[in-house]
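Here are a few notes to read alongside the model. Have a look at it first, then go through the points in order.

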Number of protein chains: 2
Amino acid sequence: MDKKAVRAISPTREEDYPEWYQQVVKLSDMADRSPVRGCMVIKPWGYALWENMVHILDAMFKSTGVKNAYFPLFIPLSFLEKESEHVEGFAKECAVVTHHRLEKGESGGLVPAGVLSEPLVVRPTSETIIGDSFSKWITSYRDLPILINQWANVVRWEMRTRVFLRTSEFLWQEGHTAHASKKEAIDRTYMMLDLYEKFVQDYLAIPVIKGSKTPSERFPGAIDTLCIEAMMQDRKALQVGTSHFLGQNFAKASQIKFQSEDAIEEYAWTTSWGVSTRLIGGIIMAHGDDDGIILPPKVASSHIVLMPIFKKADEKTKVMEYTENLCKELMDKNYFGRSLAVEIDSREIGGTRGWDWIKKGIPIRVEIGMRDIKDNSVFVGRRDKDHKDKKSIRKEEFVSEITNILNEIQNTLFNNALSVRTKNTILIDDNKMFYDFFTPANIENPIIHGGFAMSHWCGNIECESKIKDDLSVTIRCIPFDSIKEKGNCICCGSSSDRRVVFSKAY
Amino acid sequence: MDKKAVRAISPTREEDYPEWYQQVVKLSDMADRSPVRGCMVIKPWGYALWENMVHILDAMFKSTGVKNAYFPLFIPLSFLEKESEHVEGFAKECAVVTHHRLEKGESGGLVPAGVLSEPLVVRPTSETIIGDSFSKWITSYRDLPILINQWANVVRWEMRTRVFLRTSEFLWQEGHTAHASKKEAIDRTYMMLDLYEKFVQDYLAIPVIKGSKTPSERFPGAIDTLCIEAMMQDRKALQVGTSHFLGQNFAKASQIKFQSEDAIEEYAWTTSWGVSTRLIGGIIMAHGDDDGIILPPKVASSHIVLMPIFKKADEKTKVMEYTENLCKELMDKNYFGRSLAVEIDSREIGGTRGWDWIKKGIPIRVEIGMRDIKDNSVFVGRRDKDHKDKKSIRKEEFVSEITNILNEIQNTLFNNALSVRTKNTILIDDNKMFYDFFTPANIENPIIHGGFAMSHWCGNIECESKIKDDLSVTIRCIPFDSIKEKGNCICCGSSSDRRVVFSKAY
């Protein structure tokens, strides 16, 4: 494409990726920063996307026997302290409620009053408060497994925030299960990771690598953390879902005990797993272009915008009638569990109308004027093609082919994202090449540096830390599908028998 | 019914209504008290009911042009202070976040650290934080109306709490709209009240009275508060939905301004409206009996439970097959926007199995044994009838009639609740009779005291306060459908031209 072409987002991805991201969030009308430090306002266009994601995930969870419930927002400090690694992991980012009313202060303004006897932490995650319920609900092996999910807001007081990717408050789901056997709990941990993989790949059109975290990157208190990792267009990794095998750690902390079939009192085995509004950031960074976001059709806030074009009043009547009829025909169609969502935008604001929808990433734009009506056709633009690449299609054909067109766009997005990952994933066995790969200044063209380095690692935390300190590069995961092969640690040269994924990450 | 019959809930409603309520909540498996003061754990059976309510309400809102969005959990104290009546109304029940991390204290345990420069209030309601967004989103009359809804948790630190009815944290939806004209905002306020009336009557099977609150009972900061009020079985009122016309109060507080068509800068007119998990308490108290909750079929957590009965292994195979086939046939049917929800309970625990489902209020219980299979029939119990009143129905007939049966149950619930209200609503024009009506000790049979007294009120706050102080009775609303008639204030005897609803209330 002509590099000088007019694009809707400035700067472009090449010029300044982080700033491009902020501009896309803003101009796509997905979210606002809020006056509350690090919190976001999710606007209707962004929230509709989240609702569609929730709807699909929720059905997937339920099909595996999971039931939804709701637990308190506040966690007594003493609960959080029950699991020592856990509280250590979250202590630095806890919002703490200390008072339960406001009173006139000496200066006349209101000040916090009514000190709580025990401070309450706004949940950063709910293992300890849900564990308390589990300890009451479970007495016998007959009560197991318990498979619970909660859709909720959580708070982690982050120092550096970015809308959707890292915010003080975010929306998520957290699944919590308790089992009678270790094996069953481990199986559930893997099952939910597979479910996330399917969701992110099939619905969000983002290819992922499945694997285990290294011990230092595990969820605080977990025995094993499994994850899916995706590559963004700046070649950095984004963790888009995690599933934790918690062993008996939280069961011991919360006294989740049961009588086994042999009448022996045992601790339960628990898991937890979650995805969050961070996935929206992933969609933006995996699929967005220099004109804005591109929404994967299967979860798009809306599928199609119809834009009537008219000059005189009598034209308006005819064009609007044709448009509204087409709208009804389209809304009668189903696409992945919901009716096609169609917008009619009849604002008379000239060319900015089309650009508004391009920036918002709607999969299909349809212009309808007098000539289209005469030809019984519509003039169609697809968000996966250049904005000028529009074509006239007979109306009947457009209606009958619409779900195929949406599928094509969905596939294009996945293939493009996969291609970015493939191009930017390389095997590196040489320490200098590894350091060069992650050091822009060392490479002629800094744009093509970085990505996923598939390199050997000895398993030693010192090597992991050194690379992190030197390059801000972490081990994203130990992939499940990595082949056993002999090699030498990229850091210390000791022997290793598998490659791991090294990358910079969000 | 025989008063000595075995009932599942002890005490009965007559014996101790508040304790009956707590026992129903517990034994229906709807919710638990939580270790966090005044907060509740909504268990899967209770949460499924809430999900069904959310699903229906959400579609109703959207059909009127409302879009969902999400705003921060935390409100800076300075925002809350922008509207003086508003902050005064909520100051006594605010959970306040003052710190953003935890540190080792002198005694070794963790203590709050990192003092926030400005305390944050956990939202008790979101007028001020959403108003801040509106002030940024709105510049011209073309941006109006803005019709937003948020599904969220809110916190009001109540001193006396009761699960579902009054909890420190609860789930709700809060609608917030901004309009260019006063009339349009008032119309929206009434439209949403009508929507709530339809939802509560048609789906929850609870009859309501629509009306306006008196000035002293208004939402803090509102010009007018409209409400729907229902009568519970103890003849006390429960406010089950409110819709507020906020005038320009919050627009002035948050600087929500727009350029009118005549290019004049004006303040917008705003509304807000909400219902909450309190509605679940309303369902329990309107429909429950001495055997537990009775779920209105249109929102029931589940519609039907199938209970296979078998003794030998070969019986089990046959009965389970018949049961599973029936389950599939039933799940193919739709009932008010969703597939019939069917449970199979094959636990071999004897008679407690049926009682479990009675207590949980499932509309229909089906027993299936060898004899039923031989007769190609099912043995059906309905939750709106006595637990012993079960009958054999041919399977085909049961399947083809199931939605009619559910409708019958739904109608029975509504009619029973309406009958309770009708019986316990009386016109009172005599001050002594009014005081007697609300004073159990003054009446021979204390069980029939109380209810809704339709009496005249002069409009004076002193009379309203005196009655509240003397009897703990409040004016629930000034009903829209009350007839203009001359009368004398029940308290001071001054002239009055309409009756209002007096009652004790939750």
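1. Start with strands S19 (residues 364–368) and S20 (residues 377–382) of chain A, which run antiparallel and are joined by four bridges. Strands here are DSSP runs of E with at least two residues, helices are runs of H or I with at least four, and both are numbered from the N terminus; two strands pair if DSSP finds at least two bridges between them. S20(A) also pairs with strand S21 (residues 390–394) of chain A, in the antiparallel sense over five bridges. Follow A:Gly381 across: A:Arg365 is its bridge partner, and in S21(A) it stands opposite A:Lys390.

2. A word on the source: this is a predicted model, in which local features need pLDDT of at least 70 and side-chain atom pairs count only at pLDDT 80 or more, while totals for chains, interfaces and linings use all residues. Residues are numbered from 1 along each chain as its sequence is written, and chains are lettered from A and ligands numbered from 1 in the order in which they are written.

3. Now for where the chains meet. In all, 47 residues of chain B are in contact with 47 residues of chain A (C-beta atoms, placed from the backbone, within 7 Å). Strand S5 (residues 96–104) of chain B gives the largest share of chain B's side, seven residues. S5(B) runs antiparallel to strand S5 (residues 96–104) of chain A, with three bridges joining them; there, A:His99 has B:Val96 as its bridge partner.

4. How do the copies relate?

5. Last, look at helix H6 (residues 182–203) of chain B. Its buried residues include B:Leu193, B:Tyr196 and B:Phe199 (buried: 20 or more other C-beta atoms within 10 Å of its own; exposed: 12 or fewer; partly exposed in between; C-beta atoms placed from the backbone). Seen down the axis, the buried residues fall within an arc of 155 degrees, so they line one face of H6(B) (the arc is that of the directions from the helix axis to the C-beta atoms). Exposed B:Lys183 and B:Lys198 are on the face turned away from the buried side.

Notes: Contact = placed C-beta atoms within 7 Å.
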